[in-house]
Amino acid sequence: MSAPAALPCRLTELTYPEAAELLALEPVVFLPMGSVEAHGPHLPLGTDSFLSESLAERAHAALHRIGQASVIAPTISYALTHFASEFAGTVSLSAEAAVMQLRGVVLGMLAAGFRRIALVNSHLEPAHIAGIRQLVAEITAAHGPVLAFPDQTAKRWARTLSAEYKSGSCHAGSYETSLLLVARPELCRTAISRALPQNPSDFLAHVRAGATTFVQAGGDRAYFGQPAAASAVEGEDQLARLLTMVLVTLHETFGTPYTP
């Protein structure tokens with residue numbers, strides 16, 4: 001199997017002979033990760049999953065253009081989402097269950113012969129990120145560099161993103177709303193977002209002071225920042241920056257080609 005003519009190439013849409021041909025090409029497997037979590041009154045509960053899928057598709061297409069085989073795996077849509085637990089529809093796993101779920105999927109992929117797995121994550125709850133980092137270290141120690149984690153919360157990448165993102169008060173604000181206007185514009189309740197006042201509450205400061213939920217941190221409608229300022233132009237700009245993060249991380253972890 002050469003790099004597929006039609007994109008995207010999704011693991012669950014392949015037959016097993018096609019999967020065997022793909023394995024021989026040492027593909028990068030993009031594993032999108034999200035959550036089922038309140039994102040203000042204007043964005044859907046699956047926002048994080050949709051953003052990860054959009055980024056995975058962009059990275060998949062970028063690799064295709066340079067002849068590097070890749071495939072998109074099914075999204076892990078459940079995670080630790082304790083901060084949004086006070087809002088309807090939010091489904092949160094325990095920290096232990098979330099890490100066990102991810103470990104099981106990764107080990108299953110390794111057993112299936114995939115040796116280049118990229119975790120594409122858009123759910124930024126600190127405990128969730130800590131769990132991913134812990135697992136990456138564990139898997140890397142046991143199996144070598146088989147996991148790439150482009151981590152937008154790392155300083156080297158966070159400083160390339162929008163001012164709102166860098167403030168830390170960006171949940172369902174302009175940053176995420178803009179990205180979803182690119183990824184799934186039909187799911188954005190734009191009339192609602194444009195009418196929302198800015199929420200200037202300093203989310204990270206409240207967390208450092210002991211807040212454990214959005215409400216305690218001043219987000220009584222499950223958003224921070226300025227969703228009314230969102231635009232597809234901002235979304236495309238931020239997505240391009242995130243794509244650079246992914247491609248550089250793949251290059252550094254797996255040695256895949258990267259031209260700035």
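A charge is said to sit over a ring if NZ of Lys or CZ of Arg is within 6 Å of the ring centre and within 35 degrees of the ring normal. By this criterion, the charged end of arginine 184 sits over the ring of phenylalanine 50, 4.8 Å from its centre. The model is predicted, and local features need pLDDT of at least 70, side-chain atom pairs count only at pLDDT 80 or more, and totals for chains, interfaces and linings use all residues. Residues are numbered from 1 along each chain as its sequence is written, and side-chain values use heavy atoms, with hydrogens and water left out.

Aromatic rings also meet one another. Rings of Phe, Tyr and Trp (its six-membered ring) pair if their centres lie within 6.5 Å. The whole structure contains six such pairs, and one aromatic cluster is formed by Phe83, Phe203, Phe214 and Phe224.

Helices (H or I, at least four residues) and strands (E, at least two) are DSSP runs, numbered from the N terminus. Two strands pair if DSSP finds at least two bridges between them. Four strands form an open sheet in the order 2-1-3-4, with parallel pairing. Its edge strands, strand 2 (70-72) and strand 4 (147-148), each pair on one side only. Strand 1 (residues 28-33) joins strand 2 in the parallel sense over three bridges; valine 29 has valine 71 in strand 2 as its bridge partner.

Turning to the helices, the axes (lines fitted to C-alpha atoms, for helices over the stretch in contact, with angles from 0 to 180 degrees between N-to-C directions) of helix 3 (residues 95-111) and helix 4 come within 10 Å and cross at roughly 30 degrees. Helix 3 is therefore roughly parallel to helix 4, a term for angles under 35 degrees. Contact (heavy atoms within 4.5 Å) involves residues including Leu102 and Val106 of helix 3 and Leu135 and Ile139 of helix 4.

How values were computed
Rings of Phe, Tyr and Trp (its six-membered ring) pair if their centres lie within 6.5 Å; planes under 30 degrees apart count as stacked, over 60 as edge-to-face and the rest as tilted. Angles under 35 degrees count as roughly parallel, over 145 as roughly antiparallel, 65 to 115 as roughly perpendicular and the rest as oblique.
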